[in-house]
Amino acid sequence: MKNYTAFNRDEWAKLAPKNKVEITQEELANIKSLGDVVDLTDVHEIYTTLISYLHLVYKEKRSGQAKQREFLHRDLKPAPFIIGISGSVAVGKSTTARLLQLLLSRTYPELKVHLMTTDGFIYPNAELKRKNLMSRKGFPESYDMALLTDFLKDVLSGKDDIVYPLYSQELSDIVPGKYGHVQNPDILIIEGINTLQLPRGGQVVTSDYFDFSLYIDAEENIIEKWYMQRFYKVMDMNKNDPDNYYYELANAPREEATKFAEETWQMINLVNLREYIAPTKQRASLILHKTTGHLIDQIYLRHF
Ligand SMILES: Nc1ncnc2c1ncn2[C@@H]1O[C@H](COP(=O)(O)OP(=O)(O)O)[C@@H](O)[C@H]1O
Ligand SMILES: CC(C)(COP(=O)(O)O)[C@@H](O)C(=O)NCCC(=O)O
């Protein structure tokens, strides 16, 4: 990894600006995914430096856009700054994304920061069944990548209200008739396992549109534990809802659910991680490496 500069926690924390953003443990409790507590020390030792660096890159882009407008004598609308977040299923992408959104909006209140996930671009289950792709959910072919790249082009072209489909982990499907809206943000954070993937069949690469990208990394066996813990939590939360995807499993003997989740991890998410997600790591602008307890122990910043 010659093109990355490595930092341990202390080295990275030392780069933080003097005036640190204030945030309470309650606010942190609101952004966690499912009852886990995000450590406040991570905010001080990791995220303060990270958002300060992101703001620097953001300002550079804005200044470049202003110079381009001046040179071209064209009043072009400044395109949003796009941050892509990638990494395995259950590595903590959405938790990190929510934390970044909160901290960026708090530190730079003049910035409108929108957060979304690429899960909404997975084909609905009915379509996956038609295509015989139900056991390939999350793999490149299960996403409508053309729709995703068209969506990103719309975002960058400055359209006022752009809709996108929403996915529910509890339904394990696209939510029918429900959409998210992107309305001229300054910064768009987009997280998903496929954000740094290369296209199949000559489509545009989504990361061509990113101004900055993050890959969240951890050892496979640790991610598997996070996956299992989240699985049990989502299942238990839905054990009284007969319409829910997890209902039958939640009310079956525990070993059945465990077997199902372990198989899903081994046969789907781990295979996907090895074949399609981990190979994109070296394309990220920054790699956050986590260890047990979601503790970030290494940061790698790409310098070429
Ligand atoms: N920094 C963190 N501290 C504690 N728990 C976390 C942290 N990041 C993620 N988690 C937990 O790990 C699991 C996976 O995280 P999530 O953000 O849902 O992953 P992803 O979006 O990558 O699938 C969830 O149960 C989440 O609450
Ligand atoms: C929708 C996903 C591909 C994306 O996962 P995420 O990274 O958002 O956790 C994943 O949650 C998924 O459904 N994987 C398929 C196998 C499974 O049910 O875990």
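## Close-up views of a predicted model

Proline 279 is partly exposed, as 13 other C-beta atoms lie within 10 Å. (For burial, C-beta atoms are placed from the backbone and the others within 10 Å are counted: 20 or more is buried, 12 or fewer is exposed, and in between is partly exposed.) This is a predicted model, where local features need pLDDT of at least 70 and side-chain atom pairs count only at pLDDT 80 or more, while totals for chains, interfaces and linings use all residues. Residues are numbered from 1 along each chain as its sequence is written, and chains are lettered from A and ligands numbered from 1 in the order in which they are written.

**View 1. Proline 279, in the loop between α9 and β8 (286–291).** Helix and strand labels follow DSSP runs numbered from the N terminus (helices are H or I with at least four residues, strands E with at least two). Look across to glutamine 197: proline 279 is 82 residues from it in sequence, yet their C-alpha atoms are 8.5 Å apart.

**View 2. Isoleucine 277, a buried residue in helix α9.** Here we have 25 C-beta neighbours inside 10 Å, so isoleucine 277 counts as buried. Setting aside neighbours within four places in sequence, isoleucine 277 touches Ser86, Gly87, Ser88, Ile193 and Asn272. (Being in contact takes two C-beta atoms, placed from the backbone, within 7 Å.) Valine 89 is 188 residues away from isoleucine 277 in sequence, with 9.2 Å between the C-alpha atoms.

**View 3. The shell around ligand 2.** There are 13 residues surrounding ligand 2, and the closest are Val89, Asp119, Lys137, Gly138 and Ile268. (A residue is near a molecule or strand if its C-beta atom, placed from the backbone, lies within 6 Å of it.) Helix α9 (residues 254–277) is the top contributor to this shell, giving three residues. Sort the shell by class and you get five nonpolar, five polar and three charged residues. (Nonpolar covers Ala, Val, Leu, Ile, Met, Phe, Trp, Tyr, Cys and Pro; charged covers Asp, Glu, Lys and Arg; the others, Gly among them, are polar.)

**View 4. Helix α7 (residues 220–237) against α9.** The two axes come within 10 Å and cross at roughly 135°. (Under 35 degrees is roughly parallel, over 145 roughly antiparallel, 65 to 115 roughly perpendicular, and the rest oblique.) The crossing is right-handed. (Right-handed has the near helix turned clockwise from the far one by less than a right angle, and left-handed has it turned anticlockwise.) On the α7 side, the contact uses Glu220, Glu224, Tyr227, Met228, Phe231 and Met235. Facing them from α9 are Ala257, Ala261, Trp265, Asn269, Leu270 and Leu273. By class, that contact holds nine nonpolar, one polar and two charged residues.

**View 5. Helix α3 (residues 40–72) packed on helix α4 (residues 93–107).** The packing angle is about 65°, and the axes are 10 Å apart. At that angle, α3 is roughly perpendicular to α4. From α3, the contact draws on Tyr47, Ile51 and Leu54. From α4 come Leu99, Leu100, Leu103, Leu104 and Thr107. Seven of these contact residues are nonpolar, one is polar and none is charged. As α3 passes α4, the crossing is right-handed.

**View 6. Isoleucine 23, in the loop between α1 (9–13) and α2 (25–31).** Isoleucine 23 is buried, with 20 other C-beta atoms within 10 Å. Leaving out neighbours within four places in sequence, isoleucine 23 has contacts with Leu28, Val43 and Arg106. Arginine 106 sits 83 residues from isoleucine 23 along the chain, with their C-alpha atoms separated by 8.6 Å.

**View 7. Two non-glycine residues with positive phi: histidine 73 and serine 172.** Histidine 73 has a phi of about 55° and lies in the loop between α3 and β2 (81–87). With 6 C-beta neighbours inside 10 Å, histidine 73 counts as exposed. Serine 172 has a phi of about 60°, and its place is in the loop between β4 (162–168) and β5 (173–182). Serine 172 counts as partly exposed, with 13 C-beta neighbours inside 10 Å.

Note on methods
Axes are lines fitted to C-alpha atoms, for helices over the stretch in contact, and angles run from 0 to 180 degrees between N-to-C directions.
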